[in-house]
Amino acid sequence: MVASAIVRLSQQPGPGDPVYDATVQNTYNQLVLLCLVNGHAPPASVPDMVRWAAERPIGEWPWTLPDDFDGASAFLVDGSTRTPTQQCWEWRIVARDVAAEQVENQLMREAIAACQAAHAPESYTAFRRLLIRQPVLTEAERVALADDLELELLHDVIKRCYDPVPASYLRDGSYAVCARCGCLLAPIGHDRYVCELDRCRRDQHPRVGRRVEARRGSGLYQLNRPLRMFITGPGLAETDLESELVARGLRPEMWPNFDAYDLRITLPRGRVWAVDVKDRANPALLGRSALPLRSDPPYDEGFLVAPQYRFDEREDYGRVYTRHRRDNLAGTLELISDTELLTRVDRELARSRPSEPAATLREETADA
C-alpha cells in the first residue's frame, strides 16, 4: 500500500481537492494506526511518510517482515532524486496484480491488439524496438515517427507512451542523455548526474551521450517512468542478447507471436530455446510473480534470464528466486544470467561442430 501511494504521489501534477486522493490518505491513515498499535511514533504527515521512504529502509518500518524476506535494506524512494525506486515500483505491481509484470498494461495490450488485428507482427516488433532504443524523443523526432510505415498502426498508442519532460531534468539550458541507456540523466547538485535505471546507477559518474538544448516552442518527451523501468531496462538486456547471438551466427526471433516471450533461439541441431528476460531488483518478488512461458510458438526448453549484474550485486539472487518461485515451475523455468545463457549457447554450438580428428579423417578418406 505504501509503495502504491508513493507512486501515486509521484504521478500527481499538483495539489488536488482534497490535497491527497483517497488511496494516499487511506495508506497514511493505516500506517499511523499500525505505528500506534505497535508503540512507534508515526510520521507526522504524508510528506513525512515520503521522507521515511527515502531515509528508512523497509526493514526499519513498523511492520514485521517474513523470516525469508530479502529486501529489508531496500528503500522505496531514492534519496538523491526523490523519486520512487525500482523496488517501490515492483511492490506497487504486486499490490495491483500479482500476475501483472508489464507496467502500463493497457498501453501494451492496445499495441498487441492493434497489431494482431492487422496481422502485423513486424509493427509490434518495431514498437518494442522504439521503446528500447528511443526512450527520449525531441519534437522533431516525435513528428518524424508519422512517416514510419511500420509504426503507422500505433501512432496514438505511442503518443500516450511519451510524456513531456519536466523542468527538473534541465541544467544550464539543456538536458543530458545517458550514453549507456538513452534515458535522461537527473541533475544532482551543481555538477552531478544520476541515471534512473538500475543497470546504470552503479556508475558513480554516468557518461553524457548527448545534450538536447531547451528551446522555446521545441518540446522534449520521454517514456513514462514504468515503461522506462520495465520495458526499456529489460529491453536493453534483450537486444544485447540478440546482438551476441547474431554475432555467433544465430538468428533469434524477437518477441515472437506478439510477445509470447522475448527471444526464440533455434540452435544448429534443431533444438529451440525460449527466453524471457527480467531485470528485477527484488528476486523474491520475481519468484512470486513468475509464470510459465506461453507454449505458442513451441520450444524445447524455457529460461528466465536476468542480467549478470543482478547476480554480481547479490550472490544469493538465484537462490532467493527459487525459494519464492511457485512449485509448479520447478524444473520448467530455470533462472540464469545472460552470461550463463551465452555460455550454454556456446556449448551447444561446439557440440554441433565436428571434432577436429573426425574432420581430418573424413578429408583423408576423401583424398584416398
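Predicted model: local features only at pLDDT ≥ 70, side-chain atom pairs only at ≥ 80, totals over all residues.
I start with helix H6, residues 121-133. Helix H6 has 13 residues, and from its first C-alpha to its last it reaches 18 Å, close to the 18 Å expected at 1.5 Å a residue. Is this helix enclosed or open? Of its 13 residues, 10 are buried, so H6 is largely enclosed by the rest of the structure. The buried ones include Tyr 124, Phe 127, Leu 130, Leu 131 and Ile 132. Arg 128 and Arg 129 are also among them. As background, an α-helix has 3.6 residues a turn, so residues three or four places apart point the same way.

Next, the sheet. Three strands form an open sheet in the order S1-S7-S2, with antiparallel pairing. Strand S1 (136-138) and strand S2 (162-164) are the edge strands, each pairing on one side only. On average, neighbouring strands of this sheet are turned by 30 degrees against each other, direction ignored. Between S1 and strand S7 (residues 220-223) there are 3 bridges. Within that pairing, Leu 137 stands opposite Tyr 221 in S7.

Side chains of opposite charge can pair when their charged atoms come close. The count in this model comes to 26 salt bridges.

Arg 160 is in helix H8 (residues 155-161) and Glu 110 in helix H5 (residues 105-117), so to speak distant parts of the chain, 50 residues apart. Arg 160 is partly exposed, at a relative accessible area of 36%, and Glu 110 is partly exposed at 26%.

Another salt bridge joins the side chains of Glu 141 and Arg 210, at 3.7 Å from N to O. This pair links helix H7 (residues 139-144), which holds Glu 141, to strand S6 (residues 208-213), which holds Arg 210, 69 residues apart. Glu 141 has a relative accessible area of 27% and is partly exposed; Arg 210, at 33%, also counts as partly exposed.

Then there is Arg 310 with Asp 198, at 3.1 Å between the closest N and O atoms. Arg 310 lies in helix H13 (residues 308-313) and Asp 198 in helix H9 (residues 198-201), so the pair ties together parts 112 residues apart in sequence. Are these two residues buried or exposed? Arg 310 counts as buried at 4% relative accessibility, and Asp 198 counts as buried at 18%.

Lastly, the network: Asp 48, Arg 51 and Glu 55 are joined by salt bridges that share partners.

Methods:
Residues numbered from 1 in each chain as written. Heavy atoms only, no water. Helix = DSSP H or I, 4+ residues; strand = E, 2+ residues; numbered from the N terminus. Expected span 1.5 Å × (residues − 1). Buried < 20%, exposed > 50% of the residue type's maximum accessible area, 1.4 Å probe, protein only. Pairing = 2+ DSSP bridges. Axes fitted to C-alpha atoms, helices over the stretch in contact; angles between N-to-C directions. Salt bridge = Lys/Arg side-chain N within 4 Å of Asp/Glu carboxyl O.
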